Amino acid sequence: MNSSMSQSNKSSWIKTAAGYAAGLLFGIGLAVSGMTDPARVVGFLDVAGAWDPTLMFVLGGAVVTTFIGYRLVFKRTAPLLGGVFQLPTKRELDAKLLGGAALFGIGWGLSGYCPGPAIASIGGLSLPLLAMLVTMVLGWFAAKRLA
């Protein structure tokens with residue numbers, strides 16, 4: 001095996017390990033913040049009843065972290081584990097984006113799960129969670145066919 005092949009395998013392994021570490025950190029954050037409990041999300045949406053502001057604080061923390069993180073990351077000329085930054089170029093709002101956002105919001109409000117917390121909650125699989133995951137996968141397939 002030549003050294004360039006070994007370097008390529010090492011780089012691929014490091015990228016994969018970094019991805020798993022980021023996913024683990026994200027999942028732990030969701031669990032610690034209580035966002036794997038769909039009742040928290042539904043409680044946040046229940047502004048006329050037993051309102052639970054936890055989600056607002058979690059989202060606020062995410063916005064602050066992202067704001068700081070982007071400023072630090074974009075001081076670099078390239079990402080640590082990639083060739084170039086890959087940022088979206090599309091800036092206009094269209095029917096697909098608005099429709100998808102509306103469907104996402106409706107599904108999140110009805111189930112109390114968005115994709116991250118749903119996947120992080122698989123260990124405690126319940127019928128409502130299974131239904132959400134199945135419809136999420138069906139939505140991915142439908143989106144691919146409609147694209």
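Q: What distance separates the centres of domain 1 and domain 2, taken over C-alpha atoms?
A: In this predicted model, the protein is divided into domain 1, residues 1-87, and domain 2, residues 90-146. Taken over C-alpha atoms, the centres of these two domains are separated by 18 Å.

Q: How many residues does each domain give to the contact?
A: Contact is counted for heavy atoms within 4.5 Å. On that basis, domain 2 supplies nine residues, and the number from domain 1 is ten.

Q: How much area do domain 1 and domain 2 bury between them?
A: The size of an interface is often expressed as the accessible area lost when the parts come together. Of the area buried here, 76% lies on carbon and sulfur atoms. The area that domain 1 and domain 2 bury between them is about 690 Å².

Q: Which residues of domain 1 lose the most area to domain 2?
A: Three residues together account for 49% of what the domain 1 side buries. They are Thr36, Pro38 and Val41.

Q: Which element gives the most residues to the side of domain 1 that touches domain 2?
A: Two elements give two or more residues to this side, namely α1 (3-33) and α2 (38-45). The one that gives the most, with four residues, is α2.

Q: How many charged residues are on the side of domain 1 that touches domain 2?
A: By class, this side has eight nonpolar and two polar residues. Across the interface of the two domains, zero salt bridges are found, and one residue pair is in polar contact, with both residues at pLDDT 80 or more. As for charged residues on the domain 1 side, there are none.

Notes. Residues are numbered from 1 along each chain as its sequence is written. This is a predicted model: local features need pLDDT of at least 70, side-chain atom pairs count only at pLDDT 80 or more; totals for chains, interfaces and linings use all residues. Side-chain values use heavy atoms; hydrogens and water are left out. Domain bounds come from an automatic or database domain assignment. Buried area is the accessible area (1.4 Å probe) that two parts lose on being put together, summed over both. A salt bridge is a side-chain nitrogen of Lys or Arg within 4 Å of a carboxyl oxygen of Asp or Glu. A polar contact is a pair of N or O atoms within 3.5 Å; within protein, one must be able to donate a hydrogen and the other to accept it, and residues adjacent in sequence count only if both atoms are side-chain atoms. Ala, Val, Leu, Ile, Met, Phe, Trp, Tyr, Cys and Pro count as nonpolar, Asp, Glu, Lys and Arg as charged, and the others, Gly among them, as polar.
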